[in-house]
Amino acid sequence: MHWKTLFQKLKKQSKKLVYNRFIKIVFFLFLFPLNNLYGQTSLYINEEMEGSFSQGTMKGSINRYFSENVYYIKSDFQVKILRLFNIKREEGYIISLEDSLVTKINHKKKKYAVYSLSEFIKDDNDDTQGGPPERDGESENEDSVNVEISEKVELLNNFETRKAKIVIKDNEDDEELKMNIWFTEKTLKAPIIELTRKKLKNMFKGSIPPSLGFNEMNIPFEDYNINKDAVNVKLETINENGTFTYSLLEYSRKDLLPDIFEIPENYKKVKKL
């Protein structure tokens with residue numbers, strides 16, 4: 001994927017904000033940088049984000065834990081829309097990679113449900129909202145791209161990073177997207193993340209639900225002589241639709257499951273959430 005293709009995907013997502021898909025899109029924007037992380041047999045990741053868009057604002061955090069046979073994700077975010085809605089969501093998923101069971105957790109309601117794979121897919125499809133039709137294909141000739149890679153090393157969130165400044169202009173619509181990406185080459189992609197992604201992709205027959213945190217949008221570092229497996233530590237995007245900031249706060253090896261992923265004893269098991 002090249003920078004132009006990356007911009008085209010971001011541009012299409014930002015346009016969909018006017019189609020009442022604000023929550024889904026900001027969740028997408030938050031998750032797309034998450035694939036490039038340190039390789040361990042078990043891995044804990046903590047990230048946060050903040051955004052301001054034409055329809056409102058959002059902020060939140062996400063925690064993920066990768067182990068050989070189980071994948072955990074817990075997200076907590078708040079969305080304010082046009083001063084009319086103040087939506088808070090705190091949910092989690094536990095995916096058993098051996099028996100294909102999906103546990104969905106609503107921390108706000110203190111309830112959880114265990115789904116078979118087919119039940120979860122049906123429930124997830126029922127939650128899908130409509131939007132504008134996708135355009136088939138994008139012309140790369142429509143955009144101009146300017147990239148500057150700094151050689152200066154900055155210490156950011158305990159990572160040694162360098163900064164990439166990208167300005168991508170759509171010559172047809174006269175739109176401009178500015179991106180700042182702080183990345184590190186000291187830590188590279190985690191093999192366990194790619195292994196988990198492949199298992200989930202096989203489980204879901206090629207299409208992993210966005211709520212599980214595996215949207216396919218990697219940054220094309222190799223185009224500028226940067227290790228293709230470099231880690232995104234911070235990302236800022238700025239355009240006429242608003243701003244978005246993503247930060248990687250922590251990655252660490254944890255052989256024992258962190259307590260935040262355990263289902264509290266006072267949570268009620270239900271048939272469906």
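A salt bridge is a side-chain nitrogen of Lys or Arg within 4 Å of a carboxyl oxygen of Asp or Glu. D255 and R253 form one, their closest N and O atoms being 3.3 Å apart. The model is predicted, so local features need pLDDT of at least 70 and side-chain atom pairs count only at pLDDT 80 or more, while totals for chains, interfaces and linings use all residues. Residues are numbered from 1 along each chain as its sequence is written, and side-chain values use heavy atoms, with hydrogens and water left out.

Nine salt bridges are counted by this rule. Residues are also sorted by relative accessible area: buried means under 20%, exposed over 50%, and partly exposed in between (1.4 Å probe, protein chains only). D255 counts as exposed because its relative accessibility is 58%, whereas R253, at 48%, counts as partly exposed.

Another salt bridge joins R197 to E194, with closest N and O atoms 2.7 Å apart. Both residues lie in helix α4 (residues 191–203), three residues apart, about one turn of the helix. Helices (H or I, at least four residues) and strands (E, at least two) are DSSP runs, numbered from the N terminus. R197 is buried because its relative accessibility is 14%; E194, at 34%, is partly exposed.

Strand β11 (residues 230–239) contains T237. T237 has 11% relative accessibility and therefore counts as buried. Leaving aside neighbours within four places in sequence, T237 is in contact (heavy atoms within 4.5 Å) with L177, K178, M179, G242, T243 and F244.

On a 1 Å grid over the protein atoms alone, a cavity is a set of points where a 1.4 Å probe fits but cannot get out; a pocket is an open set with protein on both sides within 12 Å along at least five of seven lines; lining residues have an atom within 4 Å of a point. Grid points are joined across faces, edges and corners, and a volume is the space filled by probe spheres set on the points.

The second largest pocket has a volume of about 230 Å³. Of the eleven residues lining this pocket, the closest to its centre are R89, E91, K104, N106 and K109. β4 (85–96) and β5 (102–106) each give two or more residues to the lining. The lining holds two nonpolar, one polar and eight charged residues. K104 is also linked with D123 and K272 in a network of salt bridges.

Note on methods. Ala, Val, Leu, Ile, Met, Phe, Trp, Tyr, Cys and Pro count as nonpolar, Asp, Glu, Lys and Arg as charged, and the others, Gly among them, as polar.
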